[in-house]
Amino acid sequence: MTGKVNKYGLASHKIILDSAGNPVDFIFLEINRAFEAQTGWKKDEIVGKRATEVLSGECWNYLSLINLFGKVALSGKGIKFEQYVSLTNKYFEVNAFSNEYGYFSTILHDITERRLAEDMLQYQLEFEKTVSGVSANFASIPFDRIDEGIDYALQAIGEICAADRSYLFLLDSDGIFMDNTHEWCAEGIKPQINNLQRLSTKLFPWWMERLLRFENIIIENVASMPPEAAQERELLEAQSIQSTVVVPLVYLNRVIGCLGLDYVRKQRTSFKNQIILLEIMSQVVSSAVQRQRIHKELYESEAKYRLLFENAPLGILSFDQAGIINACNDYFVNIAGSSREVLIGKDLLALADRKLAGAVQSTLGGTPVVYEDEYHFTTSGIVRPIRVWFTPLTSTDGRIAGGMGIVEDISKRLRNAKIKEEANSHLEKIIELLPDATFVIDHEGRVIYWNKAIEDMTGVPKVEMIGKGNYEYALPFYGDRRTILIDLALLNGVNYAELEEEYDFFRLEGDTLLSETYAPKAYCGKGAYLWGSASTLRDTTGRVVGAIETIRDITERKRQEKKLEFISLYDQLTGLHNRAFFEREMTRIKSSQEYPITILSADLNGLKIINDTMGHDWGDKLLEACAQVLRNSLRSSDILARLGGDEFVAILPGTSEQAGEDIANRLRANVDRYNLQNPELPLSLSIGLATAKGEGVSLEETLKKSDNFMYREKLYHNINNRNQIINTLLATLAERDYFAEGHAQRLSRICLDMGEKLGLTPRQINNLTLLAQVHDLGKVGIPDRVLYKRGPLTEDEWEIMRLHPEKGYRIALSSPDLPDVAELILKHHERWDGKGYPLGLRGKEIPIECRVLAIVDAFDAMTNERPYSEAISRPEAIKIIKEKAGTQFDPELVEVFLSIVG
């Protein structure tokens, strides 16, 4: 008969003093079995030995422990502290006390699960803070500081994931080379960025094949990479990398690079949290990288514009807000008969020709003007007939930053109409080469210019649009003939305030209109968000002669703004609002007039059991189902959020205490209805309510009250909730049972016979027959691909299968009906020779119930068909049982078994 093992590790010690009476060491006098299981030490390895012999090389700071325990043994005053033990990867609460001078005892309490839960909660908070912080940083940072934003993101990712290095690689436009563009390293880690430039992607086919398939690359052990990844392994080993994880950087369904983490000092075995964070961050970083590239292209486009500016077959000059010339091309210098040095800095507003000065003044006021007249150049004395198109230059925020003039010497045009046509052609070419979609209409609304960029945007060739009026140009944008921005620039007396409702953004700057709106028919029906700038065109008398509109596609910018907003305010799994949004709403609503305000707290019961046994995919399904039931139970005006883990909360504005109770009852009814329809994965919610009746009541205190009521209900229903989940898992196991019909009954019958013949106590016999029925409870968490596999399991599959005793142990501890057999479930796969699992017990260290079941279960497995083996005859099975007596099975119990089965 065996007793239940104490869950607390206990050890007794004697302190060793030097000649001065100072503690210098201590001896292990005795330890119990729980101490062995918790620390990984065996009694015969440490009893009688000194701490300096046992603890040396471990994570224990044994010198500090000797001082601490010495004080306890010499003073009799106990101490309590927490300690991490690397040998078993566990956290313990250590209590040390002394009942006799020079001696002391220590009690170890395993607090690993509590510490891991605390660490997970802290990680979730840090996770949300990191995602929100990085997203907000990228949303507000100017494009010329995006590199700083990427460095900030890499540091945040590296620190929260405890990585040694985080990095960003970008592919060139052809995908032939890749460069390590950004890198963050933990303290003491050597940077590698300078060694990872201009790398040919052909050198890393295994790596690139997975990235281009949008797959994540997870390498737990670099030394164990497959042979086909030899080149990649060589590169990683050269950087002393032990583990790494990489996600592709995707933009518009195209891989543009990758984001990754390296672990140099220590190998990692799990990357679930890292993958989730990297996938979210890859979206944010890819958007930022593309934004940077777009601005670079814009810069290059401006360089091309500068080239056009310098080589245009017309004179071009630009001036600032004060009318001072700040740039001009050689053609204008030739027209003026002067030099660039003399012309730059000339004040156009101070010219003697007040007509031209007035044209410049109107332009700076936001009104494009056309000047045409004989002009006397004051810098050279030359008199020439010129035509100048003056137009305002606006900054990205719509402010007038100066103006530009396109100057034409019209001497020949006045003498020859053909020259005039050629000059107009030159002007058209300039508009044609502008990077933004641009078109011009005359004062009657007929199209006179339609450039290449707007052809691409609308799909309408220039030849089909030139000369068209009657709002024809609106069709390829909106699908009908309607007034658009360029028409508004021609009109006078328009009520622009009414137009603001028709546009996402609308503003009037002088004679220039700025707007943002959605055009559903742009790009041949694909649709796009467009930014537009439209201005009137006037001649030198101020008469309106037409209007010009420039259009830019801002669809991607809008998409990224929405994506960043979603990431920062919504929970990625359930789609509900997240903690950050909830806290913002709490601040907002407390100053509203929506009292009384009720807060509903809800906690999903049993999520940890589901995650531990069925896996996190099942846990995620349960969270999603819970979120949907909550949505269906609340009103559209209610504010529902997931705070993290299994916690949900809802703010119910304008809701009295009774109305809140009605909503809570509706939620409970919906949970019951869901459980009737989904018995295989039932929901169990603990609910709490509290109401703030007026502005004088703190919403934060109301939330605390709601949480307290919820926890009170959780404690009240905890046992029943766990039992309901256990029963569901047992039912699930029964439905998935791959054994021959009657397996549990056969085991129970033979176990009962053996128990009676062995003279076991009634309690032992009861536990033995119950163990026969539930010993494989932990297999509910084993994937079907392993459980139902025909043929031998691989080593990785065996690792998964060997987890089921521990899973069953945890489930049984959670059930009020099964705690007596929890330890038996844990040990039912131990062997007589000590080669079993999970504890490696040997001989009579194994409970007798488990030794009996091992023989009966093996016999039944051999004589009945399994997915991985055919049934054999009873004589053959008995022969094998005899052969394994003394190795796998207790030889004395084998004799008893054979006397029963013949």
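Two strands count as paired if DSSP finds at least two bridges between them, and the helices (H or I, at least four residues) and strands (E, at least two) named in these legends are DSSP runs numbered from the N terminus. The model is predicted, so that local features need pLDDT of at least 70 and side-chain atom pairs count only at pLDDT 80 or more, whereas totals for chains, interfaces and linings use all residues. Residues are numbered from 1 along each chain as its sequence is written, and side-chain values use heavy atoms, with hydrogens and water left out.

**View 1. The five-stranded open sheet and its β4–β5 pair.**
Strands β2, β1, β5, β4 and β3 follow one another in that order in an open sheet with antiparallel pairing. β2 (23–31) and β3 (79–85) are the edge strands, each with a single partner, so one side of each lacks a neighbour in the sheet. From one strand to the next the twist averages 35°, where axes are lines fitted to C-alpha atoms (for helices over the stretch in contact) and angles between N-to-C directions run from 0 to 180 degrees. Within the sheet, β4 (residues 90–100) and β5 (residues 103–110) are joined in the antiparallel sense by seven bridges, and Phe97 stands opposite Ser105 in β5.

Rings of Phe, Tyr and Trp (its six-membered ring) pair if their centres lie within 6.5 Å, and planes under 30 degrees apart count as stacked, over 60 as edge-to-face and the rest as tilted. By this criterion the structure holds 17 aromatic pairs. One of them, Phe35 with Trp41, is stacked, at 6.4 Å centre to centre and with 25° between the planes. Both Phe35 and Trp41 are buried, a term for residues under 20% relative accessible area, as against exposed for those over 50% and partly exposed for those in between (1.4 Å probe, protein chains only). The rings of Phe477 and Tyr478 have centres 6.4 Å apart and planes at 45°, so this pair is tilted; Phe477 and Tyr478 are both buried. Ring pairs also link Phe26, Phe28, Phe35, Trp41, Phe69, Phe81 and Phe104 into a cluster.

Gly40 belongs to the loop between α1 (33–39) and α2 (43–46) and is partly exposed, with a relative accessible area of 41%. Although 799 residues separate Gly40 and Leu839 in sequence, their C-alpha atoms are 9.7 Å apart in space.

**View 2. Arg198, Phe177 and Ser200.**
Arg198, in the loop between β7 (177–185) and β8, has a phi near 50°, a positive value in a residue other than glycine. Arg198 is exposed, with a relative accessible area of 52%, and lies over the face of Phe177, 3.8 Å from the ring centre; a charge is taken to sit over a ring if NZ of Lys or CZ of Arg is within 6 Å of the ring centre and within 35 degrees of the ring normal. Ser200, in strand β8 (residues 199–200), is buried, with a relative accessible area of 18%. When neighbours within four places in sequence are left aside, Ser200 is in contact (heavy atoms within 4.5 Å) with Ile176 and Phe177.

**View 3. The β17–β18 hairpin.**
β17 (residues 437–442) and β18 (residues 447–450) pair in the antiparallel sense over three bridges, and Val440 has Tyr449 in β18 as its bridge partner. Four residues lie between the two strands of this hairpin, and Gly445 in the turn has a positive phi of about 80°.

**View 4. The packing of α31 and α32.**
Helices α31 (residues 804–813) and α32 (residues 819–826) pack at an angle of about 175°, with their axes 8 Å apart. That makes α31 roughly antiparallel to α32, given that angles under 35 degrees count as roughly parallel, over 145 as roughly antiparallel, 65 to 115 as roughly perpendicular and the rest as oblique. In α31, Pro805, Glu806, Gly808, Tyr809, Ala812 and Leu813 meet Pro819, Ala822, Glu823, Ile825 and Leu826 in α32.

**View 5. Two cis peptide bonds.**
Tyr595 and Pro596 are joined by a cis peptide bond with omega of about 0°, and Pro596 lies in the loop between α22 (579–589) and β23 (597–604). The bond from Tyr837 to Pro838 is cis, with omega near 5°, and Pro838 is placed in the loop between α32 and α33 (848–863).
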